[in-house]
Amino acid sequence: MSSFDLDFGLTEEMKAVRESCHRFAEDVMRPVAARLDNMTPEQVIADDSPLWSALEEFKQLGLVGMPETYGPDLSPAERALMHCIVLEELSWGDVGMFITFALFNMTPTIAANFGRQDLVEYFSARDEISCLAVTEPNHGSDSVAFTEPVFFDKEITPDCRVRRDGENFILNGQKSAWVSTGTIAGSTTLFATFEDSDQGYADGAVFLMPLDLEGITRGKPLNKIGQRSLNQGEIFFDNVKVPRQFLIMEGPEVYPMVWEFYLKGANIAMGQQFIGVARAAYDHALAYAKERVQGGKPIIEHQAVKTRLFQMFMKLESARSHIRRVAIAEATIEGGVPFEHAASCKILATQTAFDLANEAIQLFGGNGLCREYPVEKIFRDARASLIEDGENNLLGLMAAARL
Ligand SMILES: Cc1cc2nc3c(=O)[nH]c(=O)nc-3n(C[C@H](O)[C@H](O)[C@H](O)COP(=O)(O)OP(=O)(O)OC[C@H]3O[C@@H](n4cnc5c(N)ncnc54)[C@H](O)[C@@H]3O)c2cc1C
């Protein structure tokens, strides 16, 4: 990074949080992430995996339940800025680990957002990793695209269906192998479509539910290109009886709105996280360009290399400014920002992370392609993000529908 700090106006407390996140990212996350990246998906989640000791150290930072944990004196705008800084620093360390940590005890936080104090207490007592279960094997984008006709298509048969049964709901089917922390989560936010629906994906129910109910089983962890520290896997439901207590919302009047609200939050968070990944790529490229000697001088002294680094710097700074502006508006305006702004955060940050990681590899030359150097991992992590939480072209299509 440039030594000039654009984050002026931070309180001493905010600077201290930024510093402790940075230290944790550098000293704990990066070394553990490098080990996890070379493990099998089964080893990543084994009892003796370094992921779990890192999670214990993360808990010591006092950030579980963020952004509420940043201190009572911050205004909504300051809290939103703090959240941007924290997510950037920790994702700079390793984004796959950060997502795992962010999902720890996420269910009570979501219960609080819906004003469900009973579920806050129920899930807080369980102290576990959560997940968000939306995607199905035969319906990825279908289940996301609330602006598109396919979302309302009654001919579509979902892979995960729910029916009302007196005071309970009965769940059948499965969620796809793409559910993050799917094989290890103790609870989930589940989006499921009604069996007898004549409105396709638009008629469903949202549950905050434990994943140890009878009839729930898991698949095996997925082996993927990047973000290898993040577990992924299927969840199967066989006549699972879900008590009404775990229901958050149901019916076509609210289901698409709740999904939009959810995706909006997830897209802004993806923007906040992947700016950290973009910065990691830039930082490595800058440091390497100052060290690597070719033609008798460090490559940064070659004019062409210098301007390429400035292009990276400019893309990073401008994407970060956009994401922070949207995140602060989301936190301070009643009702938050419209969906297209949230989608722009996700698409811009992930594309910037991918482009900067690609350019970082180019600046590293042949070394950039080797596992001994850090940038090929960042490239793989960023590559996955172009599809994660909504494929970027599809999100762009949905955002365009709102213009
Ligand atoms: C790292 C990672 C983490 C993830 N975490 C989660 C998670 O925690 N929970 C969860 O539920 N899911 C998760 N996902 C799943 C993710 O949301 C889906 O992969 C994504 O929505 C795309 O679905 P798909 O993979 O089935 O692709 P498809 O929907 O099959 O899309 C394939 C291609 O077709 C295009 N396409 C599809 N439909 C249309 C259309 N109507 N119009 C135009 N183009 C279209 C798409 O743009 C895409 O390029 C994760 C994915 C990744 C990569």
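Contact here means that heavy atoms lie within 4.5 Å. In this predicted model, Gln227 touches Val95, Gly96, Ile99, Phe274, Asp381, Ala384, Ser385 and Glu388, when residues up to four places away in sequence are not counted. The points below turn to the setting of that residue, then to aromatic pairs, and then to charges over rings.

- Gln227 is found in the loop that runs between strand S6 (216-218) and strand S7 (235-243).
- With a relative accessible area of 1%, Gln227 is buried, because the cut-off for that class is under 20%.
- Among the residues that Gln227 touches is Glu388, and the side chains of Gln227 and Glu388 are joined by a polar contact of 2.6 Å.

**Aromatic pairs**
- The structure holds 20 aromatic pairs, and one of them is the edge-to-face pair of Phe191 and Trp259, with 5.1 Å centre to centre and 70° between the planes.
- Since Phe191 lies in strand S4 (residues 187-194) and Trp259 in helix H9 (residues 255-291), this pair ties together parts that are 68 residues apart in sequence.
- Both Phe191 and Trp259 are buried, and ring pairs link Phe191, Tyr255, Trp259 and Tyr262 into a cluster.
- The rings of Phe364 and Tyr373 have planes at 75° and centres 6.0 Å apart, so they also form an edge-to-face pair.
- Within that pair, Phe364 counts as buried at 6% relative accessibility, whereas Tyr373, at 30%, counts as partly exposed.

**Charges over rings**
- The charged end of Arg30 sits over the ring of Trp92, at 3.5 Å from its centre.
- Arg164 lies over the face of Phe194, 3.8 Å from the ring centre.

Definitions and conventions:
Residues are numbered from 1 along each chain as its sequence is written. This is a predicted model: local features need pLDDT of at least 70, side-chain atom pairs count only at pLDDT 80 or more; totals for chains, interfaces and linings use all residues. Side-chain values use heavy atoms; hydrogens and water are left out. Helices (H or I, at least four residues) and strands (E, at least two) are DSSP runs, numbered from the N terminus. Buried means under 20% relative accessible area, exposed over 50%, partly exposed in between (1.4 Å probe, protein chains only). A polar contact is a pair of N or O atoms within 3.5 Å; within protein, one must be able to donate a hydrogen and the other to accept it, and residues adjacent in sequence count only if both atoms are side-chain atoms. Rings of Phe, Tyr and Trp (its six-membered ring) pair if their centres lie within 6.5 Å; planes under 30 degrees apart count as stacked, over 60 as edge-to-face and the rest as tilted. A charge sits over a ring if NZ of Lys or CZ of Arg is within 6 Å of the ring centre and within 35 degrees of the ring normal.
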